[in-house]
Amino acid sequence: MQVGDRVRLLTGREEGIVTRLLDNELVEVAIDNDFTIPVLRREVVVVAAEEQKAFGKTAAAVANERKAASTGAARAAQAAGEKPAAASASGSTKKGSGPTSPPVKIAKGLYLALVHQSPELLAVHVINNTDADVLYTYGEERPDGTYRGLASDKLDPKAASKPLGHWHLKDFDKWPAVLVQLLPHQLNGTTAYDLLSKRTQFKAATFYKSRQQAPIIQKEAYLFQLDEKPAAPLAPPTPEKLAETLKAQLSGDAPAKPATVAPTQEPAKALVAPPHELDLHIEALRPEGAEGLSNTAMLKLQMDTFEDALSRALATNMHEIVFIHGAGNGTLRKEIHKQLSRNKDIKFFEDARKEKFGYGATLVRLK
């Protein structure tokens, strides 16, 4: 199972797309109406390509494609300050509206393409519309300045990458900046090229105007060129420069390499024991509550807080700790119990006092 696979939930008839692999047993799935949920891998099955060939697209998939096309067109017109053109029931333009303009031919180059998987979900691809191989890395830069490398591979000439990420239009204001590094290469080629780095930050004023037919994949996409300035050829050193460098090294006149300075280690911070009762409700962890967070982001924040508190409780020799997770749909409770069952430093765990917490807390006894 990989990011981008279309899957069906075994507990129902819903279908969705795998947008993230959370761990060995949990994946994030975007259901066709665009909300994301964490799901156990054993509770979903990949929809095989042979199934779609035999039975055709599902009604939901067809409806999503039509909705995606109309939604993208309306947003593009709105961003440009225009009113979308009316269409007939058959989907053609009204009589007398003039001939349809021919598709724009896309120039050779390297592109970042965001393609609709559903009306609100976009898949991110790198497209190599050149005659050379391209080595690339793909990563995301968060608003706080942190960088996370997510993919690296080689693209053959006239090829597109697999989906490198999945983003929701409803979270447009929170999208990270994309950093792509590109290195063209030709087998037995006579020219070496410098590394090309391109940072792309999306803005609403230009994003919706960028929609057009993407090369190679032949789908409507929000398209951004990555190599407006092509990679510069690396000039090989001249024989005179090589001779001068060698002479300096033999005579001892070459500049000395700077001495390596050992980094200064900061003193270790004292461990602070967590509270005996730790509330993992999202309102207790963030002053603004769940605003702006997806279900997956909330679960990750809660699990990170749980793991940090458990490690500090063990390090400070606490005898027991209570984690208040609430009842809800049971996802957080299952994840906590799964982690506790794998930890050899746990004596046992059980539901905390029901008269105080109901079924919404777990008592953990530590060795």
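The legends below describe close-up views of aromatic ring pairs in a predicted model. Local features need pLDDT of at least 70 and side-chain atom pairs count only at pLDDT 80 or more, whereas totals for chains, interfaces and linings use all residues. Residues are numbered from 1 along each chain as its sequence is written, and side-chain values use heavy atoms, with hydrogens and water left out.

**View 1. The chain as a whole.** The chain holds 8 helices and 19 strands, taken as DSSP runs numbered from the N terminus (helices H or I, at least four residues; strands E, at least two). Of its 367 residues, 35% count as buried, that is, under 20% relative accessible area with a 1.4 Å probe and protein chains only.

View 2. Phe207 is buried at 0% relative accessibility, and Tyr208 is buried at 11%.

**View 3. The pair of Phe306 and Phe323.** The ring centres of Phe306 and Phe323 are 4.7 Å apart with the planes at 70°, so this pair is edge-to-face. It links distant parts of the chain, 17 residues apart, with Phe306 in helix H6 (residues 295-315) and Phe323 in strand E17 (residues 320-324). Phe306 counts as buried at 1% relative accessibility, as does Phe323 at 0%.

**View 4. A cluster of rings.** Ring pairs join Trp167, Phe172, Trp175, Phe202, Phe207, Tyr208, Tyr222 and Phe224 into a cluster.

Terms used: Buried < 20%, exposed > 50% of the residue type's maximum accessible area, 1.4 Å probe, protein only. Phe/Tyr/Trp six-rings, centres within 6.5 Å; stacked < 30°, edge-to-face > 60°.
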